[in-house]
Amino acid sequence: RRSKSSLKKGEKSEKKSGKHNPFIAPAGDEALVEHIERNVLDKKPGIRFDDIAELKTAKLLLEEAIILPLIMPNYFRGIRRPWKGVLMFGPPGTGKTMLAKAVATECQTTFFSV
């Protein structure tokens, strides 16, 4: 943590701004960091699998592929190792983003909207 006197132009101290900012932007990139934090990061999406109607098969597969290996890592070793990835595809409006946000909520992780 830097003292007030060592802050660069445009930076605010955490005490002054009232919120913790884990990213300290290089001079001139403050707007970019703010844009990414506002539009790309969703730290707590708040969507649970119960909020999603239907898509039962997709929800079960995502739970098996992502959530269970995080909950029980000792079980998913050797021949039962978890999947390397999941590809969701389809036309707009079919629930891909909502499923991804539900996974982020269930795993208590940050959702990146790219």
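Colleague: Which residues of H3 are buried?

Modeller: In helix H3, Lys 59, Leu 62, Ala 65, Ile 67 and Pro 69 are buried, meaning under 20% relative accessible area with a 1.4 Å probe, protein chains only. This is a predicted model, where local features need pLDDT of at least 70, side-chain atom pairs count only at pLDDT 80 or more, and totals for chains, interfaces and linings use all residues. Residues are numbered from 1 along each chain as its sequence is written, and side-chain values use heavy atoms, leaving out hydrogens and water.

Colleague: What covers the buried residues of H3?

Modeller: The cover includes H4.

Colleague: Why is Lys 59 said to have no salt bridge?

Modeller: A salt bridge needs a side-chain nitrogen of Lys or Arg within 4 Å of a carboxyl oxygen of Asp or Glu. The nearest side chain of opposite charge, Asp 50, is 6.0 Å away, so Lys 59 has none.

Colleague: What makes the pair of Lys 59 and Glu 54 a polar contact?

Modeller: A polar atom of the Lys 59 side chain lies 3.3 Å from the backbone oxygen of Glu 54, and the cut-off for a pair of N or O atoms is within 3.5 Å, one able to donate a hydrogen and the other to accept it.

Colleague: Which residues make up the largest nonpolar core?

Modeller: That core has nine residues: Ile 47, Phe 49, Ile 52, Leu 62, Ile 67, Leu 99, Ala 102, Val 103 and Cys 107.

Technical notes
A nonpolar core is a set of buried Ala, Val, Leu, Ile, Met, Phe, Trp, Tyr and Cys residues joined through side-chain atoms within 4.5 Å. Buried means under 20% relative accessible area, exposed over 50%, partly exposed in between (1.4 Å probe, protein chains only). Helices (H or I, at least four residues) and strands (E, at least two) are DSSP runs, numbered from the N terminus. Contact means heavy atoms within 4.5 Å. Lys and Arg count as positive and Asp and Glu as negative; His and the chain ends are not counted.
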